[in-house]
Amino acid sequence: MHSSNFSLLDQLVIKADNALKAMAGGRTEHRRPSPADIQPENDLSQQEKRRSAGLMRVNHTGEVCAQGLYEGQALTAKLPEVRDQMREAASEEEDHLHWCQKRLGELESRTSYLNPLWYSASFAIGATAGLISDRISLGFVAATEDQVCKHLEAHLSQLPDTDSKSRIIVEQMLEDEARHAHLAIEAGGVRFPAPVKAAMTLTSKAMTVASYYL
Ligand SMILES: [Fe+2]
Ligand SMILES: [Fe+2]
């Protein structure tokens with residue numbers, strides 16, 4: 001059944017179900033295997049493991065937020081093609097979510113305790129942006145993905161050289177997020193002004209610090 005045949009309440013229940021699956025590590029039918037699967041596991045010191053785990057936990061939280069954002073936007077997007085594009089991107093983010101979660105397990109670490117909070121906030125922001133207009137919503141995607149790309153680039157310089165598994169995951173995510181940003185602008189997204197982007201940078205810094213430790 002097409003989602004437009006569901007009542008708003010039904011749709012919210014479906015979203016809540018997606019949220020639970022997102023935080024549990026994504027749905028089981030993953031389309032792309034982790035690029036880390038074919039990388040050798042090198043010997044990492046305890047300190048290197050902790051560092052990698054902190055960074056990959058931040059990346060995992062970013063993917064939980066991406067799920068919330070895209071699901072929220074898909075709920076309120078007006079044009080069906082925009083809804084479809086949001087769902088397509090959300091399914092790629094699910095791959096990322098799963099890759100990060102798997103890597104955290106290999107690093108003998110855990111996901112952030114704050115994920116339910118970040119998911120809810122991102123969902124609300126996405127749904128609100130979609131209510132305002134599709135162009136704002138797409139612009140928000142582009143601005144967010146730009147931020148994510150900057151984070152991922154920074155993480156590539158911070159991850160231990162020995163951790164080739166985490167590095168290849170981040171490299172593939174960087175490629176995908178840059179494409180998401182590009183597609184959102186191509187689809188008609190507005191380019192956000194610098195002050196809005198600066199506010200977003202501050203918010204994402206707070207999220208990054210919290211998720212590194214918590
Ligand atoms: Fe992602
Ligand atoms: Fe993305």
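The model is a predicted one.

The axes of H2 and H5 come within 11 Å. They cross at roughly 170 degrees. An angle over 145 degrees counts as roughly antiparallel, and H2 and H5 are therefore roughly antiparallel to each other.

## The chain as a whole

The chain has 214 residues, and 42% of them count as buried. Its secondary structure comes to seven helices and zero strands. Read from the N terminus, the elements run α-α-α-α-α-α-α.

Take the contacts between residues at least 6 apart in sequence. Of these, 85% join residues at least 24 apart.

Helix H2 covers residues 46-76. Its 31 residues reach 45 Å from the first C-alpha to the last. That is close to the 45 Å expected at 1.5 Å a residue. Is H2 enclosed or open? Of its 31 residues, 23 are buried, so H2 is largely enclosed by the rest of the structure.

Helix H3 runs over residues 80-106. Its 27 residues should span 39 Å at 1.5 Å a residue. The end C-alpha atoms of H3 are 39 Å apart, which agrees.

Phi of Glu108 is near 55 degrees, a positive value in a residue other than glycine.

Is Glu108 buried or exposed? It is exposed, with 10 other C-beta atoms within 10 Å. A residue with 12 or fewer such neighbours counts as exposed.

## H4 and its neighbours

Helix H4 spans residues 115-132, and helix H5 spans residues 134-158. Their axes come within 5 Å and cross at roughly 140 degrees. H4 and H5 are therefore oblique to each other. On the H4 side, the contact is made by Ala129, Gly130 and Ile132. On the H5 side, it is made by Ile136, Ser137 and Phe140. The residues of this contact divide into four nonpolar, two polar and no charged.

Ile125 is another residue of H4. It is partly exposed, with 18 other C-beta atoms within 10 Å. Which residues does Ile125 contact, leaving aside its neighbours within four places in sequence? They are Leu69 and Gly72. Ile125 and Leu69 are 56 residues apart in sequence, yet 6.7 Å apart in space, C-alpha to C-alpha.

## H5 against H6

Helix H6 covers residues 164-186. H5 and H6 pack at an angle of about 155 degrees, with their axes 8 Å apart. The two are therefore roughly antiparallel to each other. Their crossing is left-handed.

From H5, the contact takes in Leu138, Val141, Ala142, Glu145, Asp146, Val148, Cys149, Leu152, Glu153, His155 and Leu156. From H6, it takes in Arg167, Val170, Met173, Leu174, Glu177, Ala178, His180, Ala181, Ala184 and Ile185. By class, the residues divide into 14 nonpolar, two polar and five charged.

## Two more residues

Arg135 is found in H5. With 16 C-beta neighbours inside 10 Å, it counts as partly exposed. Arg135 is in contact with Gly188, Gly189 and Val190, leaving aside neighbours within four places in sequence. How far is the C-alpha of Arg135 from that of Ala184? The separation is 8.9 Å, for residues 49 apart along the chain.

Ser204 lies in helix H7, which covers residues 194-213. Ser204 has 18 C-beta neighbours inside 10 Å, so it counts as partly exposed. Ser204 and Thr144 are 60 residues apart in sequence and 9.3 Å apart in space, C-alpha to C-alpha.

Notes: Residues are numbered from 1 along each chain as its sequence is written. Chains are lettered from A and ligands numbered from 1 in the order in which they are written. This is a predicted model: local features need pLDDT of at least 70, side-chain atom pairs count only at pLDDT 80 or more; totals for chains, interfaces and linings use all residues. Axes are lines fitted to C-alpha atoms, for helices over the stretch in contact, and angles run from 0 to 180 degrees between N-to-C directions. Helices (H or I, at least four residues) and strands (E, at least two) are DSSP runs, numbered from the N terminus. Angles under 35 degrees count as roughly parallel, over 145 as roughly antiparallel, 65 to 115 as roughly perpendicular and the rest as oblique. Two residues are in contact if their C-beta atoms, placed from the backbone, lie within 7 Å. Ala, Val, Leu, Ile, Met, Phe, Trp, Tyr, Cys and Pro count as nonpolar, Asp, Glu, Lys and Arg as charged, and the others, Gly among them, as polar. The expected span of a helix is 1.5 Å times one less than its number of residues. A residue is buried if 20 or more other C-beta atoms lie within 10 Å of its own, exposed if 12 or fewer, and partly exposed in between; C-beta atoms are placed from the backbone. A crossing is left-handed if the near helix is turned anticlockwise from the far one by less than a right angle, and right-handed if clockwise.
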